[in-house]
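Student: Could you show me how to read a few features of a protein model, beginning with the way helices pack?

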Amino acid sequence: MASVKLTDVKKVYDNHVTSVHDFNLEIKDKEFVVFVGPSGCGKSTTLRMIAGLEDITEGTIEIDGVVVNDLQPKDRDIAMVFQNYALYPHMTVYDNIAFSLRLQKMPEDTIYEKVTNAAEILGITEYLTRKPRALSGGQRQRVAIGRAMVRNSKVFLMDEPLSNLDAKLRNQMRAEIILLRQKLDTTFIYVTHDQTEAMTLGDRIVIMRDGIIEQVGTPMEVFEKPHNTFVAEFIGAPKMNMIKTELHLIDGHYYVSPFGAKIEVDGEKGQELKQARVKPGDVTLGVRPEHMLLCDQPSEATIPCKLEVNEMMGSELHLHLVTADETRLIVRVPTIELSETRRAQLTYGSELYITFTGKVMHFFNPETGKNLIYHP
Ligand code: ADP
């Protein structure tokens, strides 16, 4: 049980690279927080500073209200799971999990209880006598988690724990981490570059770029109210379509005019634009692929496109479209919504009409990329 607080934390490596700039974050007791962002954005560095494996150049890190800047990793009461598992190859699974407890000189019968209990939770009881080389990647990862679990640490740190696993196993282990979290009831800080992992695991997500926090929020907040184009494009797959267009205000109603179409920004979105006093003019309009609609007929509100690629994903189609001015858009269409005849028509070069409603639109400043409503 522990809260973790980072105040103005900065990391400059010896080569004068500033990897983390003024990182401020308060993680509540038992919260599951995910640091996510592209490779090199400073996620691991931040996690390693919390663990004490990396010095802090400036700022303070507190665990449960105690400043830990100068505490050794072993005195911080944290457990860490790494991407490469870091198991001892010459020891059995049992001995790997028991290792840190033996260092603490815990009695063997208590160790036995803790190791077998962790093994049961993780479903690795039958492998306790094996060496790591006789295990699959997923099983090794479970051993690494078991080793962290038995220590009953206040904070559980995980650095890309699933990135060495194949896609199927990764999905399975992701679900297991959610279950584990319910059983352990402790504070988790998890690093990944994978937005799906971040969205499915995190109570809150910290989206980073170039050592800076771009946004902190719940998965729904960052998905529905991205503060800028970076967050908007990073969260969600395939990524959000970005369209350069104009916002018009006619008789108190907002409209956009993408590729010559005229679409009203009605309902709540229109109200939000009004409340934020957004001025008409050039905007970057963001619309997610799943929010674009395929129309049978052209109208004032449709955008004519040509189909370039039709990716059949099973339950949905990903249509790669190109507009008259060569802008590329992606549209996700649930397969079930299309008749077989219609599906057969969706071939290279076919002419299609798409539209979207005001409800699903995102508006960004074309120069700064900032969200005009949520982060002006
Ligand atoms: P991430 O985990 O997001 O991939 P890192 O925290 O590993 O990013 O790295 C952030 C930045 O710090 C990168 O530019 C990386 O090259 C740099 N960096 C990481 N470790 C070191 C180091 N030991 N010495 C110098 N620069 C480093």
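**Reading helix packing and backbone geometry**

Tutor: Keep in mind that this is a predicted model. In the model, H2 passes H4 in a right-handed crossing.

Student: What describes two packed helices?

Tutor: Two packed helices are described by the angle between their axes and by the distance between those axes. Here, the axes of helix H2 (residues 93–103) and helix H4 (residues 137–149) cross at roughly 30° and come within 7 Å of each other. Because angles under 35 degrees count as roughly parallel, H2 is roughly parallel to H4.

Student: Which residues in H2 and H4 meet?

Tutor: From H2, the residues Val 93, Asn 96, Ile 97 and Ser 100 meet Val 143, Gly 146 and Arg 147 of H4. Sorted by class, this contact of H2 with H4 has 3 nonpolar, 3 polar and 1 charged residues.

Student: What should I look for in the backbone?

Tutor: Most peptide bonds are trans, and most residues other than glycine have a negative phi. In this model, a cis peptide bond joins Ala 237 and Pro 238, with omega about -10°, and Pro 238 lies in the loop between helix H8 (229–234) and strand S11 (241–250). Asp 64, a residue other than glycine, has a positive phi, near 55°.

Student: Where does Asp 64 lie?

Tutor: Asp 64 lies in the loop that runs between strand S4 (58–63) and strand S5 (66–67).

Student: Which residues are around the ligand?

Tutor: The residues around the ligand include Tyr 13, Gly 40, Cys 41 and Lys 43. A polar side-chain atom of Tyr 13 lies 3.3 Å from a nitrogen atom of the ligand, while a polar backbone atom of Gly 40 is 2.7 Å from an oxygen atom of the ligand.

Technical notes
Residues numbered from 1 in each chain as written. Predicted model: local features only at pLDDT ≥ 70, side-chain atom pairs only at ≥ 80, totals over all residues. Heavy atoms only, no water. Axes fitted to C-alpha atoms, helices over the stretch in contact; angles between N-to-C directions. Helix = DSSP H or I, 4+ residues; strand = E, 2+ residues; numbered from the N terminus. Parallel < 35°, antiparallel > 145°, perpendicular 65-115°, else oblique. Left-handed = near helix turned anticlockwise from the far one by under 90°. Contact = heavy atoms within 4.5 Å. Nonpolar A, V, L, I, M, F, W, Y, C, P; charged D, E, K, R; others polar. Near = heavy atom within 4 Å. Polar contact = N/O pair within 3.5 Å; in protein donor to acceptor, adjacent residues only side chain to side chain.
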